[in-house]
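Me: Can you walk me through this fold? Here it is.
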Amino acid sequence: MENTAAYPLTLPDDSRVEWSYDNIFKNGELVRCYFHDTKTLVPINMHYHHFYEINIIVNGQGRHYIGNQSFQAQNGDVFVIPPMMRHGYWSQDNLVIFHALISQAYLNKYEERLDTKGSEVIKPYSYSLQTINQLGFKA
């Protein structure tokens, strides 16, 4: 059983609370992927953005704060965050998160193929857990 007393009830706002397309997608990018390691980078405090985000916890454990709730976050957990949803992460030790930021332009471009109700899967920017492990992270 998780000890929720060790975690804060809420998170402070990030230094930049709102992230727009112009802040993230450069030179016509449709998708942007990266790793965030809370041991070497700044914490991910409460923020929101104008695009979808898929997060995969690839190492460590902590909390994911979404709106007014928080959830345990640990290896293998996947979070899909819709546009304009305030969220952030907290970890007492270390948390490594794989982020896939997906622009509305990407969804528009593949709308017909994405609307096939699972008969076809689009993965031009996918990273399997095996790929993540090959990059040096233990999932």
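Me: What pattern does the protein chain follow along the sequence?
Reply: The order is β-α-β-β-β-β-β-β-β-α-α-α. In total, the protein chain has four helices and eight strands. Helices (H or I, at least four residues) and strands (E, at least two) are DSSP runs, numbered from the N terminus.

Me: What should I know about the model and the numbering?
Reply: This is a predicted model: local features need pLDDT of at least 70, side-chain atom pairs count only at pLDDT 80 or more, and totals for chains, interfaces and linings use all residues. Residues are numbered from 1 along each chain as its sequence is written, and side-chain values use heavy atoms, with hydrogens and water left out.

Me: How much of the protein chain counts as buried?
Reply: Of its 139 residues, 33%. Buried means under 20% relative accessible area, exposed over 50%, partly exposed in between (1.4 Å probe, protein chains only).

Me: And the contacts: what share joins residues at least 24 apart?
Reply: 72%, among contacts between residues at least 6 apart in sequence. Contact means heavy atoms within 4.5 Å.

Me: Which residues make up the largest nonpolar core?
Reply: Eight: Ile44, Ile57, Ala73, Phe79, Ile81, Tyr89, Leu95 and Ile97. Strand 6 and strand 8 (95-102) each supply at least two residues of this core. Apart from it lies another core of five residues, including Val58, Val96, Phe98 and Ala100. A nonpolar core is a set of buried Ala, Val, Leu, Ile, Met, Phe, Trp, Tyr and Cys residues joined through side-chain atoms within 4.5 Å.

Me: Take Ile81. Buried or exposed?
Reply: Ile81 counts as buried because its relative accessible area is 2%. Ile81 lies in strand 6, residues 78-81.

Me: What does Ile81 contact beyond its neighbours within four places in sequence?
Reply: His49, Phe51, Tyr52, Glu53, Asn55, His64 and His87. Tyr52 is 29 residues away from Ile81 in sequence, but 5.8 Å away in space, C-alpha to C-alpha.

Me: You listed His64. Where does His64 lie?
Reply: In strand 4, residues 52-66. His64 counts as buried because its relative accessibility is 0%.

Me: What else does His64 touch?
Reply: Setting aside residues up to four places away in sequence, its partners include Phe71, Ala73, Phe79, Ile81 and His87.

Me: Another histidine: where is His47?
Reply: In strand 3, residues 46-49. His47 counts as buried because its relative accessibility is 8%. A polar atom of the His47 side chain lies 2.8 Å from the backbone oxygen of Asn45. Among the residues His47 touches, not counting those up to four places away in sequence, are Asp14, Arg16, Trp19, Glu53 and His87.

Me: Back to strand 6. Is Val78 buried or exposed?
Reply: Val78, in strand 6, counts as exposed because its relative accessibility is 51%.

Key
A polar contact is a pair of N or O atoms within 3.5 Å; within protein, one must be able to donate a hydrogen and the other to accept it, and residues adjacent in sequence count only if both atoms are side-chain atoms.
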